[in-house]
Amino acid sequence: MVTKLLHTRYRVQDLERTERFYREVLGLEEVRRHESPRGSKLVFFKAPGTEELIEICQYDASGPVVVGPDLTH
């Protein structure tokens, strides 16, 4: 049985624009940020009163972020 989720990761093309949206529009709190040894830029957010983190990742070396036509939500 799953009792807790650690985090959910989203890879984005524009980290600064995305983090502004999560902070200013959604009202999420940034809890930490760092750059991984391979060069991924990571920013972690959480909603007030929750423990689950949303990890926003920009990793330019993996190519552009492509959203397929079958993405519905």
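Two strands count as paired if DSSP finds at least two bridges between them. Helices (H or I, at least four residues) and strands (E, at least two) are DSSP runs, numbered from the N terminus.

Good morning, colleagues. The structure shown is a predicted model, in which local features need pLDDT of at least 70 and side-chain atom pairs count only at pLDDT 80 or more, while totals for chains, interfaces and linings use all residues. Residues are numbered from 1 along each chain as its sequence is written, and side-chain values use heavy atoms, with hydrogens and water left out.

I begin with the sheet. Four strands form an open sheet with mixed pairing, in the order β1-β4-β3-β2. At its edges stand β1 (7–11) and β2 (29–35), each of which pairs on one side only. From one strand to the next, the twist averages 20°. In general, the strands of a sheet pair through backbone hydrogen bonds, either parallel or antiparallel. Here, β2 and β3 (residues 41–46) run antiparallel and are joined by 6 bridges. Within this pairing, Glu 30 stands opposite Phe 45 in β3.

I turn now to the helix. Helix α1 (residues 15–25) lies across β1, β2, β3 and β4 (53–58), and runs at about 5° to β3. Contact here means heavy atoms within 4.5 Å. Axes are lines fitted to C-alpha atoms, for helices over the stretch in contact, and angles run from 0 to 180 degrees between N-to-C directions.

Next come the charged side chains. A salt bridge is a side-chain nitrogen of Lys or Arg within 4 Å of a carboxyl oxygen of Asp or Glu, and by this rule the count comes to 5. Which residue forms a salt bridge with Arg 9? The partner is Glu 55, with the closest N and O atoms 2.9 Å apart. Because Arg 9 lies in strand β1 and Glu 55 in strand β4, the pair ties together parts that are 46 residues apart in sequence.

For accessibility, buried means under 20% relative accessible area, exposed over 50%, and partly exposed in between (1.4 Å probe, protein chains only). Arg 9, at 41%, is partly exposed, whereas Glu 55, at 5%, is buried.

Finally, I return to helix α1, where Glu 19 and Arg 23 lie 4 residues apart, about one turn of the helix. Their side chains meet in a salt bridge (3.5 Å, N to O). Glu 19 is buried at 8%, while Arg 23 is partly exposed at 33%. Arg 23 also forms a salt bridge with Glu 30, the closest N and O atoms being 3.5 Å apart. Salt bridges that share partners join Glu 19, Arg 23, Glu 30 and Arg 33 into one network.
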